[in-house]
Amino acid sequence: MRWSQSFLVTLREVPGDAEVVSHQLLYRAGMMQKLAAGIYSFTPFGFRSLRKMIDIVREEMDATGAMEVDLPILQPKELWVESGRWDRYVNDGILFHLEDRKGGEFALAPTAEEAVTDMVRRSVTSWRQLPFNLYQIRTKFRDEIRPRFGLLRGREFLMKDAYSFDVDQKGLDLHYKKMDAAYRRIFERCNLEYALVDADSGAIGGSASQEFMVVADTGEDALVFSDAGDYGANVEKATTAPLPEPWAGEEERPLKKASAPTPGLTTCVDQAKHLGTTSSRIVKTMIYEIDRADGETRLAAVLIRGDLEINEVKLPKALGALHAKLASEEILRKISGTVPGFVGPLDLLPFKELPIFLFVDRSLEDGRNIWCGANQDGTHHAQVSIKRDVMSLPAFKGVVEVATARDGDPSPAPKGGLLRIKRGIEVGHIFKLGTKYSEAMKCEVADQSQKMVPLAMGCYGLGLGRTVAAAIEQNHDDLGIVWPVPLAPFACVVAVLQRDAHVLEAADRIYEDLKAAGVDVFYDDRDERPGVKFKDIDLIGFPLRVVVGGKGLAKGVVEVSTRREKKASEIAPDRVVDVVKRSLAAGAKTLATG
Ligand code: ATP
Ligand code: MG
C-alpha cells in the first residue's frame, strides 16, 4: 500500500478530551476518530490493527474447539427479565434500551448470556449433546459512566464472548482451563506483558473468576502481587495475611469516655498527631445503607483501623447485602448527633426507620487501648477495647474482612512475602458462571440417570479494541506508538527521501521486493520533507523502517532501523528483504543484521 493512494491523515494536535496516551496516539496517528462520547470510528489503519487482533483471537478460539456463532445485538426485554438482569442493569444505567414501534422493549446487548442460553435451551435435551463452547466476536453496548478513555472504555466496543455448556461442574472446570490456556496464548502472541489475577465476579455473577491484565502504569485497575511470586489479585478482591498489631502484648486499660479532645480534626491522621499516637490506633467508623437480599434496608456501622481503607467492592458480600452505599450526612447526624470524623460505635442513637448493625473489620478484632469517635463534635473516647466495649453490644453482628490491601502488607499466600501494587488494564475475564443463568432460564438436559439438570456454564470475555489500546499504553515513547509486531497496522515501512528518478526507482524496487516476499509493508512515497516523514513514521510506530535516499544510494546502502531502538544500520539494498524478514520474525526489538 502506498501512502499517496491511502486514506491516512496524521494530526499534530491532541484532542482536548483525550486523557490517556492510547487515545491521544491513535487519534494523532489517524487510526481512529470520535463520533460521539465513547463511540469511535476506525480508519483503514486503525481497522488493520483491530483485524489482526480479531484474527489472533479467532484462530486461538477455533484451536480450542470452540464454535463461532452470531447472536443478535438487539435483544427483547423478556429474556433479560427472565434472567433477572433487566431491572438491575436499567437501574445501574449501564443498559442501552429502546422501544420498537409497537411499544416492545429491547436492549442493546452489553453481553450475551441470555441470548446464548436461549439458543441452547431450544435445541438441547440430553447430556449426549454436550459439551460445547460457543463464541462470537461482536459489538457490545454499555452506557459507561466515564467513557473518556478512548478504546479502553467505549460505550460501543468489540468483544469476543464465549459461553461453555456442560452437564456438570467437572466439564465446566475443563472448559475453564482450556480458555485460560487460550487466553495466555492470545496475549503471548500479541507480545504483551500480562498478568493473571483473581477477580471479583461482579454483576455477571458466578463463582471462580480470573482477569487477564495488561501491565501498564496508566491502567485503571490496581493489581496486588506477592513478591514471593505465588499470589495475584485485583485489589477489588485482594486479601492480606493478618497485619502486625500496634497494641500487641498490651494489657487492656479501662475505658475513658469522651476524654480525648480532637477539636475540628476530622481525619484519622490529624487526630492521631494531636493525640500523640498513630492512625492505626484510631477507629474509623463508616456508616453505610445496605440493601439485603430479603428486600430489607439497614444501616451498617463498619469499624476499621484508621490507617486502612474499606474496600467497597468486597463490602456488600461481607455484610450479606446486595448493595452498600455510604449513608448521607443527614442520616449520620440523626444517629450520631455529629459529623464524619467523630462518629463512633458506642452510644449511637436508635434510629427507628432503619435499625443499625455493627461490623468490625478483622484488623480491629483484637483492638485495645485505642480511640474512637464519641459522637460529639471534636471528641473521642480513649482506651477503647473492641472485644469488651463493641462486641458486647446487641447491635454487633460480626467480624468481616473488608480492608483494602496496601503496598507492603503481608501476602496471604503460602509462601508469604510482601504485597506489591502494580497498575493494569483488564483485557480479558473468565468466569465460572455455574447454573445461575441455566436455572433462571430453565436451560436443562436429562443427565445419565434421566434426571433433568440445569447446565453448568462458563463465560469468557475479551475486549479486542481495549487490547489494541492497552498495547499502546504499554508500548509507546515521546514520539509515538511502538507497536508490537503482531498488532501493528503494517510491520514495515519504506520511506523515500527524494523524488529523483533513480531514488524513486530504487525505493519502488525495495517496496515491491518486500511485498513479494510476503512482508506486511507500507510505502511512504509522498512528496514531503524527510523531517515530516520521520515524524509521521515514528508517530504511527511501524516496527521497522527502511529509508531510501540519494546519499545512501551513492554509497550503495539504505538505512534500516527498528522503531524500538531507533538505531539505523546501513544495509545493501539486496540484503534488505533478508534483514527485514529475520528482524520481524524475532519481534523487531533489535535489527537482525548478522
Ligand atoms: P470493566 O471492569 O473494565 O468495566 P468489566 O469487568 O465490566 O470491565 P467484562 O464484563 O468482564 O468487563 O467484559 C469482558 C471484557 O470486555 C473486558 O475484560 C474488557 O476487555 C472488555 N470491555 C468491557 N467493557 C469495555 C468497554 N467499556 N470498552 C472496551 N472494552 C470493554
Ligand atoms: Mg470483568
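A cavity is a set of grid points where a 1.4 Å probe fits but cannot get out. In this predicted model, the count by that rule comes to 2 cavities of 30 Å³ or more. About 30 Å³ of space lies in the second largest cavity, while the largest has a volume of about 60 Å³. Behind both values is a simple idea: rolling a probe the size of a water molecule over the atoms shows where empty space is left.

Sorted by class, the lining of the second largest cavity holds 5 nonpolar, 3 polar and 2 charged residues.

Ile537, Asp538, Phe542, Arg545, Ser561, Thr562, Arg563 and Lys566 line the largest cavity. At least two of the lining residues are supplied by each of helix 14 (530–540) and strand 30 (558–562). Charged residues number 4 in the lining of the largest cavity, alongside 2 nonpolar and 2 polar ones.

Pockets, unlike cavities, are open sets of points. The second largest pocket has a volume of about 300 Å³. Strand 14 provides the largest share, with 5 residues. In total, 19 residues line the second largest pocket, and Lys284, Thr285, Met286, Pro340 and Gly341 lie nearest its centre. By class, the lining of this pocket comprises 11 nonpolar, 7 polar and 1 charged residue.

Thr338 is found in the loop between helix 9 (329–336) and strand 17 (356–361). A polar contact of 2.5 Å joins the side chain of Thr338 to the side chain of Asp377. Beyond its neighbours within four places in sequence, Thr338 is in contact with Leu332, Arg333, Val343, Asn375, Gln376 and Asp377.

Strand 17 itself contains Leu358. With a relative accessible area of 2%, Leu358 is buried. Once neighbours within four places in sequence are set aside, the contacts of Leu358 are Ala301, Leu303, Pro345, Val390, Leu393, Ala395, Phe396, Lys397 and Gly398.

Turning to the ligand, which residues come nearest to ligand 1? Of the 16 residues around ligand 1, these are Glu144, Arg153, Gly154, Glu426 and Val427. Several side chains place polar atoms by the ligand. For Glu144, a polar side-chain atom lies 2.8 Å from a nitrogen atom of ligand 1. For Arg153, a polar side-chain atom lies 2.9 Å from an oxygen atom of ligand 1. Arg142 also takes part, with an N or O atom of its side chain 2.9 Å from an oxygen atom of ligand 1.

Most residues other than glycine have a negative phi, and most peptide bonds are trans. Against that background, the peptide bond from Leu130 to Pro131 is cis, with omega near -5°.

Phi of Gln383, a residue other than glycine, is near 55°. Gln383 lies in strand 19, residues 379–385, and counts as buried at 16% relative accessibility. Phi of Ala588 is likewise positive, near 55°, in a residue other than glycine. Ala588 belongs to the segment after helix 16 (576–585), and a relative accessible area of 4% makes Ala588 buried.

Technical notes. Residues are numbered from 1 along each chain as its sequence is written. Chains are lettered from A and ligands numbered from 1 in the order in which they are written. This is a predicted model: local features need pLDDT of at least 70, side-chain atom pairs count only at pLDDT 80 or more; totals for chains, interfaces and linings use all residues. Side-chain values use heavy atoms; hydrogens and water are left out. Helices (H or I, at least four residues) and strands (E, at least two) are DSSP runs, numbered from the N terminus. A polar contact is a pair of N or O atoms within 3.5 Å; within protein, one must be able to donate a hydrogen and the other to accept it, and residues adjacent in sequence count only if both atoms are side-chain atoms. Contact means heavy atoms within 4.5 Å. On a 1 Å grid over the protein atoms alone, a cavity is a set of points where a 1.4 Å probe fits but cannot get out, and a pocket is an open set with protein on both sides within 12 Å along at least five of seven lines; lining residues have an atom within 4 Å of a point. Grid points are joined across faces, edges and corners, and a volume is the space filled by probe spheres set on the points. Ala, Val, Leu, Ile, Met, Phe, Trp, Tyr, Cys and Pro count as nonpolar, Asp, Glu, Lys and Arg as charged, and the others, Gly among them, as polar. Buried means under 20% relative accessible area, exposed over 50%, partly exposed in between (1.4 Å probe, protein chains only). A residue is near a molecule or strand if one of its heavy atoms lies within 4 Å of it.
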